Amino acid sequence: MRTIYSGVACNLDADILQACYPLFEASKIEAIEWSFDALYKRRNIPDWFLQLLHAFANEGRLIGHGVFFSLFSGRWTYEQQAWLKHLSKVSSAFRFDHITEHFGFMTGADFHSGAPLSIPYTNTTLTIGKDRLARIYDACGKPVGLENLAFSYDIDEVKRHGDFLSKLIEPVNGFIILDLHNLYCQLQNFSVGVDEIINLYPLERVREIHISGGSWEDSIIDIGRKIRRDTHNDAVPQEVFALLEYAIDKCPNLKYVILEQVGGALHTQQSREDFAADFLKMSAIVKQAKGLPPETNDFLPKELIIPALVAEDEELHQQQTELSEIFETAAGYDDALMRLQQSSLANSDWQIENWAPYMLETAISIAQKWKK
Amino acid sequence: MELSKALLGALLLGIAVETSSCTKDESKNVTPANNGEQVQNPAATPEQPDNCPACGLG
């Protein structure tokens with residue numbers, strides 16, 4: 001019989017670990033997700049943290065979640081090659097059950113400075129995405145998955161996201177992480193109902209669900225409008241728990257439900273208690289999931305040939321570079337809009353003419369937040 | 001999942017000396033293992049600068 005494990009995003013962070021400790025002590029945490037590429041510049045890692053990772057890995061309950069690979073960067077970089085080498089190394093050291101990454105490309109000239117933003121859904125980006133996922137599988141030898149993005153420029157993109165994800169993961173027989181807070185952001189930011197969107201995702205390919213909290217930001221250009229952002233810095237809203245209850249029985253291959261929160265939001269005793277309460281609430285919903293049939297998919301490719309030549313597209317690279325530069329340096333919405341209209345992205349597959357103004361404003365805010 | 005008492009004890013001690021991962025203070029980044037030993041970090045690569053683990057990138 002299939003089991004769904006309730007877990008936490010757990011990294012070498014004193015605040016996260018302190019919040020998790022009572023749950024570890026009470027044997028409530030059934031799996032951990034580790035962002036293996038997001039450690040600090042530290043050559044040495046405490047033995048007790050390695051033991052923690054191995055304890056879960058030995059039970060087949062350690063999952064890896066990459067942050068910085070930048071799946072859709074048009075140009076193949078040395079840093080991506082190093083990331084794969086690193087993945088191969090940690091995959092040898094730890095027995096991961098699966099490996100995941102984020103959808104999108106990272107803004108920022110530097111590999112680790114930026115945030116993932118969306119890309120046009122074209123044959124070019126599809127080819128690059130498939131190429132990168134194959135290389136991730138080649139490096140880790142484990143099932144590979146992709147997380148749905150929280151940010152979209154317009155409602156058409158939201159509606160096409162699930163189908164594009166489905167095409168991307170097909171060659172590696174991959175899976176998706178359905179991040180329900182990301183979905184919540186889309187529902188709120190584009191005023192659509194869950195029924196209109198959720199069935200557009202390949203739900204039979206959901207192996208992992210994320211829940212988290214986030215924040216609201218006031219639009220400056222659209223007075224009265226609030227933008228929902230996936231900042232992971234607050235307790236899980238009731239609406240996201242409701243989405244979990246709604247989605248869990250729709251995902252026949254679900255194996256993990258993971259609670260995420262940044263350590264920076266877990267400084268106080270109250271915030272840690274709220275985190276533990278959120279976990280227990282999530283775990284109770286997971287345990288109520290009914291009629292769990294055996295997994296029908298092992299999410300491993302039957303046959304996969306890694307292309308000798310890495311897929312690249314110079315035009316896409318130039319557009320991404322131009323877009324990142326505009327977002328990171330724009331004085332505001334009007335400045336960014338003017339520069340975009342004069343850029344190579346105008347009248348292109350990016351369809352900047354259709355972007356919701358308040359989402360362009362949000363993209364600027366996200367890019368400038370993570371620029372170093 | 002049940003963790004051994006030894007691991008829980010090590011975890012508790014480790015958390016007490018561990019720094020928050022969002023700091024940029026490099027001097028805090030060298031943390032000895034709870035038994036005083038330095039353990040090679042299998043996750044460390046020279047190419048990886050500091051960054052914020054598991055951030056909400058929204």
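This is a predicted model: local features need pLDDT of at least 70, side-chain atom pairs count only at pLDDT 80 or more; totals for chains, interfaces and linings use all residues.
Chain A has 372 residues, of which 63% count as buried, and its secondary structure comprises twelve helices and twelve strands. Among the contacts in chain A with a separation of 6 or more, 81% are between residues 24 or more positions apart. The accessible surface of chain A comes to about 13800 Å², and carbon and sulfur atoms contribute 49% of that area.

**Nonpolar cores**

- In soluble globular proteins, nonpolar side chains tend to be buried together.
- The largest nonpolar core in this model has 127 residues, and the members that touch the most other members are Phe24(A), Leu52(A) and Phe327(A).
- A second, separate core has six residues, including Ala9(A), Ile63(A), Tyr256(A) and Ile258(A).
- Leaving aside residues up to four places away in sequence, Phe24(A) touches Cys10(A), Ile29(A), Ile32(A), Leu52(A) and Phe56(A), together with Leu3(B), Leu8(B) and Leu11(B) of chain B.

**Cysteines**

- The structure holds zero disulfides over all chains; for Cys10(A), which is in no disulfide, the nearest cysteine sulfur is that of Cys20(A), 4.8 Å away.

**Helix H3 of chain A**

- Helix H3 of chain A covers residues 78-93, and its 16 residues reach 23 Å from the first C-alpha to the last, which is close to the 22 Å expected at 1.5 Å a residue.
- The buried residues of H3(A) are Gln80(A), Ala82(A), Trp83(A), Leu84(A), His86(A), Leu87(A), Val90(A) and Ser91(A).
- Strand S4 (99-102) and helix H4 (123-140) of chain A are included in what covers these buried residues of H3(A).

**Helix H6 of chain A and the residue that follows**

- Helix H6 of chain A (residues 180-189) is largely enclosed by the rest of the structure, because nine of its ten residues are buried.
- The buried residues of H6(A) are Leu180(A), His181(A), Asn182(A), Leu183(A), Tyr184(A), Cys185(A), Gln186(A), Leu187(A) and Asn189(A).
- The N-terminal end of H6(A) is capped by Asp179(A), which has a side-chain oxygen 2.9 Å from the backbone nitrogen of His181(A).
- Ser191(A) follows H6(A) and lies in the loop between H6 and helix H7 (194-198) of chain A; its phi is positive, near 50 degrees, although the residue is not a glycine.
- Ser191(A) counts as exposed because its relative accessibility is 62%.

- Ser70(A) is not a glycine, yet it has a positive phi of about 60 degrees, and its place is in the loop between strand S3 (62-65) and H3 of chain A.
- Ser70(A) counts as buried, with a relative accessibility of 5%.

- Asp97(A) lies in the loop between H3 and S4 of chain A, where it is buried with a relative accessible area of 16%.
- The side chain of Asp97(A) is joined to that of Lys255(A) by a polar contact of 3.0 Å.
- Not counting residues up to four places away in sequence, Asp97(A) touches Gly60(A), Leu62(A), Ile63(A), Lys142(A), Pro143(A), Arg207(A), Lys255(A) and Tyr256(A).
- Arg207(A) is found in strand S9 (residues 206-212) of chain A, and this arginine is buried, with a relative accessible area of 4%.
- With residues up to four places away in sequence again left out, Arg207(A) touches Asp97(A), His98(A), Pro143(A), Phe175(A), Ile176(A), Asn253(A), Leu254(A), Lys255(A), Tyr256(A), Glu295(A) and Phe299(A).
- Arg207(A) and Val257(A) are 50 residues apart along the chain, and their C-alpha atoms are separated by 8.8 Å.

Definitions and conventions
Residues are numbered from 1 along each chain as its sequence is written. Chains are lettered from A and ligands numbered from 1 in the order in which they are written. Side-chain values use heavy atoms; hydrogens and water are left out. A disulfide is a pair of cysteine sulfur atoms within 2.5 Å. A nonpolar core is a set of buried Ala, Val, Leu, Ile, Met, Phe, Trp, Tyr and Cys residues joined through side-chain atoms within 4.5 Å. Buried means under 20% relative accessible area, exposed over 50%, partly exposed in between (1.4 Å probe, protein chains only). Contact means heavy atoms within 4.5 Å. Helices (H or I, at least four residues) and strands (E, at least two) are DSSP runs, numbered from the N terminus. Accessible areas come from the Shrake-Rupley method with a 1.4 Å probe; for residues, only the protein chains shown count as cover. The expected span of a helix is 1.5 Å times one less than its number of residues. A polar contact is a pair of N or O atoms within 3.5 Å; within protein, one must be able to donate a hydrogen and the other to accept it, and residues adjacent in sequence count only if both atoms are side-chain atoms.
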